[in-house]
Amino acid sequence: MAGGGTGIRKYVGALKDTTTVSIAKVNSDYKELDIAIVKATNHVERPAKEKYIRDLFYHLSPGRPRADVAYCIRALGRRLSKTRNWAVALKTLVVIHRALREVDPTFRDEFISYGRTSSHMLHLSYFKDDSSAEAWDYSAWVRNYALYLEERIESFRVLNYDVEKDPLRTRDLDTIGLLEQLPALQQLLFRLLDCQPQGSSSYNIIIQHALSMVALESVRIQTAINDAILNLVDKFFEMQRDDAITALDMYKRAISQAEQLSEFYEVCKSIHIGRGERFLKIEQPPASFLATMEEYVSNAPLASTIHRNQAVLAIEYNTKSEAEEPSTPPPPAPVPEPEPVKEVTPAAEPTDLLGMNESTPDTSEIDQKNASALAIVQQADNAPKAPAPTSTESVATSWELALFTAPSSNENAVTSSKLAGGLDLLTLDSLYNEAHRQAQHAQQNASQNPWETVPASGPMMQQPMYDPFYASNSIAAARNVQMVAMAQQQHAFMLQQEQQRQMMMMMAQQQQASSNPFVDPYMHAGAGMQLHASNAYTGTGMM
């Protein structure tokens, strides 16, 4: 066996182990467990005694509290992270490896849970022991061994079973599970092949002890991969192009790893590893089979094409099945029996004393009726006309009856004779006559009394009257308003005629008096004024 250090280094290592044990006996709550860990992973460059390993595994047994298991895992991790000696690191890894293989599965579960919280327990990529040239080679193999153990834990997370202890399941996987688990197994085998010793590490007794466990596990790993490859070949020619390409890469990698595993077994046999054990005899598949797989990948249909073809086939199958099935009418639905009608006696309604339940008349109908009542409807030409009043009827009777009788034929004439400002031709003529009469009367008064001033009240000096309702003359008034206006106009016309007649009589009397110098003109004028007042009173009473 090649030594790993000088006598001084061995003495210092032994002193550290003794000191650690003494401290554990005094200050540790788990002193028996700490002592077992220190003795199982001491600085001695020989494999640990089986006694110390068994004492350590006793604290990891199912009958012990789970706190002991958790403390043991933390203690091993702490010792692995603090040491710079290859022997201590390698022995610690061996204890962990044997515990995974031999102890109850609860240790594995606790170890996986601890690895999730502290992922640097098996991370020894920067570990090195440069105390000697041999220690350098040993450190390299320790790093690879730690990577293998870490990958072993990771494969359990993917596979959900232990390849070494549980039955293999790769032969019965479906395509999805196969494409997921086979890469994990191949990655585990890749880390195992890296544990092939190089240089002086091939002859170290501690490394050979650890290498023997790795070589035994390689048989189970390779068996699982072979079952997966057989399952892959059975499903390969039914895969889609993407899955077929991935499966072909896995197949090529399995062939390459099989060649490397054969070399690994030869190295193990050369250093007498696995003596008495039967390693696998690996045979390579024919090259023609690989060419057939590559040809299928080049011509394999895409996933979209397969889905489209499956959809077309499904539609054709449904159409064909519908055409073959006879079109039988569905059975008539059962007619439900009529339920007996129950007579419901209407409840007596209370008497509405306040009239709250009476229907409210629609306001739109009332407005429409009012508009129809106020509308001016022109009579047709063939409509019956009311008889004209006779000459024997009095003036009061004629205008009073005009308010209640039907409109006569004179209505159109009166309406057509109206001018702007609400005047008609008769009223306008009467105004002109009145103005002419006043002018003549003023001239006569001026001839009788030359000293009396004549007021400037001629027709030319009068101010024009302003009609405030001029803007509304273009809109026809209501029927009853027209009838009242017509009666007023007729009465005003009769008064004007009577006034003109009286004025003419007065003018004739004045002319006669002017021709007779013995007659008092003022007397006749006073008589005329009295007569005019009496007529005006009589007309007012008639109204």
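The model is predicted.

**Stop 1: α5 and α9**

Select residues 86-102, helix α5, and residues 205-236, helix α9. Their axes lie 10 Å apart. The packing angle is about 30°. Angles under 35 degrees count as roughly parallel, so α5 is roughly parallel to α9. Now look at the handedness: α5 passes α9 in a left-handed crossing.

Next, show the side chains in this contact. On α5, pick Trp-86, Leu-90, Lys-91, Val-94, His-97, Arg-98 and Arg-101. On α9, pick Ile-206, Ile-207, His-209, Ala-210, Met-213, Val-214 and Glu-217. How do the residues of the contact of α5 with α9 divide? There are 8 nonpolar, 2 polar and 4 charged.

**Stop 2: α5 and α7**

The crossing of α5 and α7 is left-handed.

Show the contact here too. From α5, select Trp-86, Ala-89, Leu-90, Leu-93, Val-94, His-97, Leu-100 and Arg-101. From α7, select Ala-135, Tyr-138, Ser-139, Trp-141, Val-142, Tyr-145, Ala-146, Tyr-148, Leu-149, Arg-152 and Ile-153. Colour them by type: the contact of α5 with α7 has 15 nonpolar, 2 polar and 2 charged residues.

**Stop 3: back to α5**

Terms used
Residues are numbered from 1 along each chain as its sequence is written. This is a predicted model: local features need pLDDT of at least 70, side-chain atom pairs count only at pLDDT 80 or more; totals for chains, interfaces and linings use all residues. Side-chain values use heavy atoms; hydrogens and water are left out. Axes are lines fitted to C-alpha atoms, for helices over the stretch in contact, and angles run from 0 to 180 degrees between N-to-C directions. Helices (H or I, at least four residues) and strands (E, at least two) are DSSP runs, numbered from the N terminus. Angles under 35 degrees count as roughly parallel, over 145 as roughly antiparallel, 65 to 115 as roughly perpendicular and the rest as oblique. A crossing is left-handed if the near helix is turned anticlockwise from the far one by less than a right angle, and right-handed if clockwise. Contact means heavy atoms within 4.5 Å. Ala, Val, Leu, Ile, Met, Phe, Trp, Tyr, Cys and Pro count as nonpolar, Asp, Glu, Lys and Arg as charged, and the others, Gly among them, as polar.
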